[in-house]
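The sequence and structure are shown first.

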Amino acid sequence: MNESGITWRHAVGVGAVLLLVCYGVLRWTTSHGHSLPHMSWFLLVTIVLLSIAVLAAGWEVRSYLHGTSIRPPSPQKARRALVAAQACVLAGAMFAGWFAAYALTELGRLDAGSALGGLVQAVVLCVASIGAVVVGLLVQSWCRIPDDPDDHDSPGGSLRA
């Protein structure tokens, strides 16, 4: 990406593209007599658990860089935490776009009896996906190495080998 990593602009762009594409596909399929794909509340559990895992992965790096831990994480763990955070941002944005498209499609079908339940579920899942984006951006910021790694006055230290 760039020196600052993945930004909220990347997430918004990915989410917007997925929203437009998925909305078009969902509207086309429903207008041709097909039903919407089934969603499960298990998706909410999965998104929340993955967000917690990314938070846990980044916490060790954050603790060391803020001086609350004297044991440095291995460079591989720090790299994995950063990559997981960036993947969480992009995946959360993609899921948010999909669930927003699903919600908009259900919004157009509120006259159908099952549409309200699908709308509520899609909105909740979209909010959880946006939460995953926020978690990913937060953990990515935790993994940022300070500008001056040789500054001995700052707590923690450098993760460079």
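## Contact of helices α1 and α3

In this predicted model, helix α1 meets helix α3 through A11, V14, G15, L18, L19, C22, Y23, L26, R27 and T30. The partners contributed by α3 are V89, L90, A93, M94, G97, W98, A100, A101, Y102, L104 and T105. By class, the residues of this contact comprise 16 nonpolar, four polar and one charged.

Two packed helices are described by the angle between their axes and the distance between the axes. For α1 (residues 8-31) and α3 (residues 75-107), the axes come within 7 Å and cross at roughly 35°. The crossing is right-handed.

## Helix α1 and its end

Helix α1 contains 24 residues. From first to last C-alpha, α1 reaches 34 Å, close to the 34 Å expected at 1.5 Å a residue.

The buried residues of α1 are A11, G15, C22, L26, T29 and T30. Among the elements that cover them are α3 and α4.

## Nonpolar cores

The largest nonpolar core has 28 residues. Those touching the most other members are M39, I47, V54, V61, F99, Y102 and V139. Two or more residues each come from α1, α2 (42-65), α3 and α4. Another core lies apart from this one; it has five residues, including I6, A11, A93 and V133.

F99, named above among the members of the largest core with the most contacts, is in contact with M39, L43, I47, A122, L125, C126 and S129 when its neighbours within four places in sequence are set aside. Y102, likewise listed among those core residues, also takes part in the contact between α1 and α3.

## Two residues of helix α4

Q121 is located in helix α4. Is Q121 buried or exposed? Its relative accessible area is 9%, which is under 20%, and Q121 therefore counts as buried. Residues up to four places away in sequence not counted, Q121 touches M39, S40 and W41.

S141 is also found in helix α4, which spans residues 115-142. With a relative accessible area of 34%, S141 is partly exposed, because this value lies between the limits of 20% and 50%. The C-alpha atoms of S141 and G5 are 9.0 Å apart in space, although the two residues are 136 residues apart in sequence.

Notes. Residues are numbered from 1 along each chain as its sequence is written. This is a predicted model: local features need pLDDT of at least 70, side-chain atom pairs count only at pLDDT 80 or more; totals for chains, interfaces and linings use all residues. Side-chain values use heavy atoms; hydrogens and water are left out. Axes are lines fitted to C-alpha atoms, for helices over the stretch in contact, and angles run from 0 to 180 degrees between N-to-C directions. Helices (H or I, at least four residues) and strands (E, at least two) are DSSP runs, numbered from the N terminus. A crossing is left-handed if the near helix is turned anticlockwise from the far one by less than a right angle, and right-handed if clockwise. Contact means heavy atoms within 4.5 Å. Ala, Val, Leu, Ile, Met, Phe, Trp, Tyr, Cys and Pro count as nonpolar, Asp, Glu, Lys and Arg as charged, and the others, Gly among them, as polar. Buried means under 20% relative accessible area, exposed over 50%, partly exposed in between (1.4 Å probe, protein chains only). A nonpolar core is a set of buried Ala, Val, Leu, Ile, Met, Phe, Trp, Tyr and Cys residues joined through side-chain atoms within 4.5 Å. The expected span of a helix is 1.5 Å times one less than its number of residues.
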